[in-house]
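Please have the sequence and the 3D view ready.

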Amino acid sequence: MNDTTEAVLSFSKKSMRSRFWKLTTLKDQILAESAPLKKEREELQTRMAPIEQRVREINAEIKEIERPRLPAVEQERAVIVRALSGNVGIGLSSSDEE
Amino acid sequence: MATYNKHQQFVEDVAEKVHDLGSDTLTVALTTNANAPVATNSILSDLTEISYTNLSSRAITTTSSAHTTGTYKLTLTDLVLSASGAVATFRMVEIYNDTPASPLNPLIGWYDHGSDVTLASGETYTLDFDDANGFIQIA
């Protein structure tokens with residue numbers, strides 16, 4: 001390594017370290033800017049948690065009611081429609097009942 | 001069933017908590033060929049739907065929503081749309097999520113029936129979803 005190369009590397013390392021710390025300051029500034037919004041989001045999420053929990057419970061209850069009964073009903077309807085070549089009439093009248 | 005076409009926004013919406021495909025109510029929207037959906041549409045209000053007068057419920061029943069060895073599959077039950085009177089002509093069958101409020105009614109994908117469909121009173125249109133491969137898979 002000659003003197004010139006060493007000087008360039010030395011300068012380069014120095015400038016890179018300087019840039020690193022400038023970027024670190026910039027990063028801290030950006031995070032400081034968004035911090036109040038993150039805090040507000042966290043507070044909202046805390047308030048929403050009980051509602052979200054209730055939605056999850058309702059989802060589970062809906063599934064309990066609909067599955068597997070509804071798919072079976074829908075599937076049978078589709079089979080009947082195919083057997084009737086798509087023409088199902090417009091509803092059940094008393095004379096249709098067997 | 002006809003070829004499935006994906007809305008581009010859907011993949012982002014899946015990754016960003018818009019959809020709960022295991023619980024939300026997926027629903028059918030119908031359009032004419034002139035108002036066909038395009039891949040860049042993202043919510044239902046982007047589409048021009050037909051009038052649903054005389055048509056039965058368009059809500060789809062979910063059969064299952066689960067993964068097998070890391071590949072997620074959403075299976076939907078065949079849906080029979082029945083007409084209690086003449087129904088407006090349609091060709092495109094859109095599937096959207098009716099549950100989210102924000103964004104409202106995000107689109108998922110659509111099928112092109114290939115020709116105009118007209119339903120008279122007593123007639124039906126069946127959406128025959130793929131049982132083996134499901135409606136969609138995510139790997």
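Which residue in β7(B) is the bridge partner of Lys6(B)? Gly109(B) is that partner. Before going on, a word on conventions: this is a predicted model, in which local features need pLDDT of at least 70 and side-chain atom pairs count only at pLDDT 80 or more, while totals for chains, interfaces and linings use all residues. Residues are numbered from 1 along each chain as its sequence is written, and chains are lettered from A and ligands numbered from 1 in the order in which they are written.

The bridge at Lys6(B) belongs to an antiparallel pairing of strand β1 (residues 4-6) of chain B with strand β7 (residues 107-119) of chain B, over three bridges. Strands here are DSSP runs of E with at least two residues, helices are runs of H or I with at least four, and both are numbered from the N terminus. Two strands pair if DSSP finds at least two bridges between them. β7(B) also pairs with strand β6 (residues 87-97) of chain B, again in the antiparallel sense, over seven bridges. There you can find Tyr96(B) opposite Leu107(B) of β7(B).

Now turn to another sheet. β3, β4 and β9 of chain B form an open, antiparallel sheet of three strands in the order β3-β4-β9. Its edge strands, β3 (62-68) and β9 (136-138) of chain B, each pair on one side only. Strand β4 (residues 71-76) of chain B meets β9(B) over three antiparallel bridges, and Tyr72(B) stands opposite Ile138(B) in β9(B).

Stepping back, chain B has one helix and nine strands, arranged along the sequence as β-α-β-β-β-β-β-β-β-β. Its radius of gyration, taken over C-alpha atoms, is 15 Å, close to the 14 Å from the globule rule (2.2 Å times the number of residues to the power 0.38) for 139 residues, so chain B is as compact as a globular protein of that length. The C-alpha atoms of chain B fill a box of roughly 45 × 30 × 25 Å along the principal axes.

Finally, look at where the chains meet. The contact takes 14 residues from chain B and 14 residues from chain A; residues are in contact if their C-beta atoms, placed from the backbone, lie within 7 Å. On the side of chain B that touches chain A, β5 (79-82) and β8 (124-127) of chain B each give two or more residues, with β5(B) giving the most, three residues.

Key
Contact = placed C-beta atoms within 7 Å.
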